[in-house]
Structure formats: structure tokens, C-alpha cells
Amino acid sequence: MYRQLRDAILDGRLRATEPVPPTRELARRLAVSRNTVAVAYDRLAAEGFLRSRVGAGTFVQAAGAAPRGAPAASPLRPRRVWDDLAVWPRPMPGIRWDLRAGVPDVRLFPFEAWRRITAGVLRPSGLRDAASAGDPAGLADLREAIARHVGVSRSVRAGAADVLVTSGTQQAIDLVVRVLLEPGDVVAVEDPGYQPVVTLLRAAGLRVVGVPVDAEGLRVDELPGAARAVYVTPSHQFPLGMPMSLPRRRALLAWARRRDAVIVEDDYDTEFRYGGRPIEPLQSIDEDGRVLYTGTFSKVMRPVLRLGFLVAPPSLHRALRLARYASSWHAELPAQAALARFIDEGLLARHVRRSRRAYQARHERVAELAGRWSRPVPAEAGLHLSAALPAGTDDAAVARRALDAGIGLFALSEFAVTGPAAPGLVLGYGAVDEAAIDAALARLERVIAGRA
């Protein structure tokens, strides 16, 4: 007992001023004599590790080091696939202008309304459906609210039974992989494309093939014949930004029908659309039940609210629930209940309308200023746009110099999957307000010209 307490203090697990259990309580918990505990405490006090205060208890007096880690030497090694995978995105500490793609402006979020709703669901009567705690698909109220929301705002065909609540797009795709794919299967992705999904697929032992995109989106004629699944962002291609044309969408659905393949449609920021005709999801024109539709609330709400959803055909409901149960059964029910109320009270729709106006102004300003030194890729939605740089430009070096100048952004080359991407920069405007855009892009222009 003496050695374990002393070691816990020395390596920082027990910190200075932290109380230790009373002798009577510790003796009862360890099933030993109280005198035994008292002797250990007295010895530690004599050596300066503990200090007793009459009427208050016994406290740690010495300050230890940082807690010990696991043993440095171990025969265990990860699978070889992990040797070639990198963490994405890279850390960008201390940036002044945040132009990273996909980062929303948390200042636009209605914190007071969210606080009120969260306080309400944390009351004993807040979570009425206790049985939902055991449903891997998520809280029934939230699944119903999501089905209504995506039906109205995105024309997605779904009932509550078709919706599975997830912690985000990554978990949704992980569930699809567990249910439908085998190690070694070929999965096609857009190239350039979303790297976290590419990492997930490769880590699962799948063969990932990048398929080029053009002004109409994914090149369906370039899809590998052996592909069992295709991951696409047709409403707002990530990272370039163009939508997939209707003929190309129909061609993709026809290809999946011929090849008996599944399409995973990631509609990650379609709420923020600033012009042009609304883009009809692949899921809404799919007549064969081959499209699994996924979305997230991290762009419209807050990134720390890790809630998303997967819409799947009835034939997969049971297996997806079992996969969710096997990997992560219990969810954060208060957050799910709060989001359901947030949607049902119309607060989400109101927040999206307000945010859309703010983001549209930023979108237009970034496109205007970036057009002075680059060729912006036409886009009418989202929280970022891409700007093509002259052929031969080292966009990764530009991004590194920009970071040195206090600007956080991504180079297009970071999103390459199979072949090299054309040089360019991905300019996010969600986290930088309109007043700071001019200064940020003026500084970026000087970085590109080598003057900063």
C-alpha cells in the first residue's frame, strides 16, 4: 500500500493538494485492518508525501512528475497498412487567418437557444423515451426530425426507420464498410478527394482507386470495372467545388446497376447554396436502392457536436444497426434529444438561413479577390472554394509559406489520391469574417508573389 501510494504521487497520478481516502474507508475497500492503512499513511507523512489536517482529512503534499506512460519496450506492432497512413489535417497552431476548408463560424451559432434546449433535455423528464437508449440507430425523436429535415431541405426520400444517427460521416462510412465490403475489395473515390475517408478505407484493407473529376464531376467512364463501391460528393465536389451534372449522375446510377455496386453519397454542406438551380441528390433519383446517403451537422451547427446520419434502404437496416451496436452502441442521448428539439422548433432552419447570408458575402468576396492572382474553380455552395495556380507551382510550398505568414489553408495537392493533383489552394471562408478577408488574401497574394 505504501509503495503504490508513493509511486502514484511520484509519477503524478496523485497531484499535490489532492485528498486521499480516509483510513476507515480505504481499509473497508481493501478489506484490511485500519491500523495497516494508518501505518502506511504515517510513513508517507513522515517522508513528506502526505499531510493531515485535523477535521479536514489527509492530502498529498509532494508534487510529482508527469504520469508515467505505458512501457516503452513492447513486442506488439501495428499492421503494416498503418505505416503508410498519415494524420490529416496537419496541425496549424497560432494562425491569424483561418482559411481552412470546412470550418464554420461558431460566432453565428445561437448559443442561447441551444443552452435553453440543452438545459431542458437534462431535466429528469427531458428524455421521455427511455427505450431509445438501447437503440443503436439513435434517438427516435432525432431520426424523425432528420427524416423531415432532409426531406424538405434536400429532397431526400427517407422515413425515420431509414435513418441511422452517427457521430459523423467517418462513422457512417465505417458502418457501410463493415456491412457491405470485404478486405481487398476495390473502392473508387474522387481524385482529388476527401483524405480522411481515403484513410479509413485503406485502413480497412480495401483497395482505393482514385478516379479523376472534370467540370461535370466524377468521370464515370474512368471507374474501375472491379469496384464494389463508389464514394462521391456530387452536390459540392470536395475539394474542387463543382456539382455533378445530371447526365453524369444518371450515368453513375446506371453504372452501379450494371456492376451491382453501392454508391455512398456524402452531402456534407449542401445547406449553404448561393445560386443556381438546387442540386437533386443521387439518393432522390435512385430507383434501385443502391445509394447510401450520409450527412453531418458539424458544418451547420458546431464542429464539436459530433452528430451525423446515414440514410439506407430497408434491406440494410438490421445489419447497420448490428454494426453500430458492435462498434459503438451507446450515443450521447442528451445531445441527440437537444438536436431533435432544435430542428423541430425551426431553429436549425433559421440558423441556416442566417448563416447562408453571411457565408454568401464571404464567398463572393473571396472569389473576387482570389481572381486577381488565380483562377477560382466555379462553385455555388459550401464553405470553401478552390483556386487553381499556374502549372508547375509547388502549392504545398505556398501553403507552408502562408502558414509562416499566419495563414492556415490547404494545398490542392494534399487531396490527391492516386495521381498528382493540379496545383492550387483551397480557400475556406467559414472561420474568417468578411472584415478580415481582404487582409488575409492581400497577405496571401504577397506570399505567392514571394514578397512575404
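Modeller: Two strands count as paired if DSSP finds at least two bridges between them. The model discussed here is predicted.

Biologist: In which sense do strands β6 and β9 pair, and over how many bridges?

Modeller: Strands of a sheet pair through backbone hydrogen bonds, either parallel or antiparallel. Here, β6 (residues 186-191) and β9 (residues 227-232) are joined in the parallel sense by 4 bridges. Within this pair, Ala-188 lies opposite Val-230 in β9.

Biologist: What is the strand order of the sheet?

Modeller: The order is β5-β12-β11-β10-β9-β6-β7-β8, an open sheet of 8 strands with mixed pairing. Its edges are β5 (163-166) and β8 (217-218), each of which pairs on one side only.

Biologist: Which strands do helices α6 and α8 touch?

Modeller: Helix α6 (residues 169-180) packs on the sheet against β5, β9, β10 (262-266), β11 (291-296) and β12 (308-311), and its direction makes about 155° with that of β11. Helix α8 (residues 246-259) also packs on the sheet, where it touches β7 (207-214), β8, β9, β10 and β11; the direction of α8 makes about 155° with that of β9.

Biologist: Which residues form the contact of α2 with α3?

Modeller: Thr-23, Arg-24, Leu-26 and Ala-27 of α2 meet Arg-34, Val-37, Ala-38 and Tyr-41 of α3. By class, these residues comprise 5 nonpolar, 1 polar and 2 charged.

Terms used
Residues are numbered from 1 along each chain as its sequence is written. This is a predicted model: local features need pLDDT of at least 70, side-chain atom pairs count only at pLDDT 80 or more; totals for chains, interfaces and linings use all residues. Side-chain values use heavy atoms; hydrogens and water are left out. Contact means heavy atoms within 4.5 Å. Helices (H or I, at least four residues) and strands (E, at least two) are DSSP runs, numbered from the N terminus. Ala, Val, Leu, Ile, Met, Phe, Trp, Tyr, Cys and Pro count as nonpolar, Asp, Glu, Lys and Arg as charged, and the others, Gly among them, as polar. Axes are lines fitted to C-alpha atoms, for helices over the stretch in contact, and angles run from 0 to 180 degrees between N-to-C directions.
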